[in-house]
Amino acid sequence: MDGMEMAKRIRGMEDIKQPIIIFVTGYEKYVYDAFDVGAFQYLLKPIDEGRFAEIFRRAAQQAGQGKRVLMVQYGNTGKTIPLSDIYYMESQNHKIAVHMKDGILEYYVKMSDLEEELQGQFCRVHKGYLVNLSYVDEYNKTEVTLTNGDKLLISKYKYEDFVKAYLRFMK
């Protein structure tokens, strides 16, 4: 069985989570068949290492979209919140208020633990705020405005790290 036949079989399995398929081959003639099986990319040998790394980075990003979650435990209840639903988190009286698309949830956790767990997609802009970089609309040296209209203070000590994190995230 060749790679194209294997891809057709995988796509025919409706009861499994569908993988991202990347073909790496020396045969240019099958490139149009790759569209029929929903391939993410079709790479011809010899492979350029930079292009290969970029395609795998994009594939990993696509595979992870909407999949990363925050596990929250409050009272006797556990909840899974997709990171894509969270605008920012705010420290309030030893609790964290998670500001989401559908409201606010409060629970006990250390902001520093969240900052470490969510680095890459979230950035601490102030001792009291951890911002989802996906929802940054604009910023200046004193505040960040989110796409939902909320404005949060940026600490002068955190500003440079925020800008670096945001530029890395946007790349």
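Q: How do the residues of the lining of the second largest pocket divide?
A: Five are nonpolar, two are polar and five are charged. Here Ala, Val, Leu, Ile, Met, Phe, Trp, Tyr, Cys and Pro count as nonpolar, Asp, Glu, Lys and Arg as charged, and the others, Gly among them, as polar.
A: A word on the source: this is a predicted model, where local features need pLDDT of at least 70, side-chain atom pairs need pLDDT 80 or more, and totals for chains, interfaces and linings use all residues. Residues are numbered from 1 along each chain as its sequence is written, and side-chain values use heavy atoms, leaving out hydrogens and water.

Q: Which residues line the second largest pocket?
A: Glu115, Gln119, Gly120, Phe122, Cys123, Arg124, Leu133, Lys158, Asp161, Ala165, Arg168 and Phe169 do. They count as lining because each has an atom within 4 Å of a pocket point (on a 1 Å grid over the protein atoms alone, a pocket is an open set with protein on both sides within 12 Å along at least five of seven lines). The elements giving two or more residues to this lining are β8 and α5, and α5 gives the most, with four residues.

Q: Why is the pair of Tyr139 and Tyr166 called edge-to-face?
A: The ring centres are 5.7 Å apart and the planes stand at 80 degrees, so the pair is edge-to-face. Rings of Phe, Tyr and Trp (its six-membered ring) pair if their centres lie within 6.5 Å, and planes over 60 degrees apart count as edge-to-face, under 30 as stacked and the rest as tilted. Tyr139 lies in strand β10 (residues 136-139) and Tyr166 in helix α5 (residues 159-170), so the pair ties together parts 27 residues apart in sequence. Helices (H or I, at least four residues) and strands (E, at least two) are DSSP runs, numbered from the N terminus.

Q: Is Tyr166 buried or exposed?
A: Tyr166 has a relative accessible area of 12%, so it is buried; buried means under 20%, exposed over 50% and partly exposed in between (1.4 Å probe, protein chains only).

Q: What makes β7 and β8 stand at the edges?
A: The open sheet has the order β7-β6-β5-β9-β8, with antiparallel pairing. β7 (103-107) and β8 (122-126) each have a single partner strand, so one side of each lacks a neighbour in the sheet.

Note on methods
Two strands pair if DSSP finds at least two bridges between them. On a 1 Å grid over the protein atoms alone, a cavity is a set of points where a 1.4 Å probe fits but cannot get out, and a pocket is an open set with protein on both sides within 12 Å along at least five of seven lines; lining residues have an atom within 4 Å of a point.
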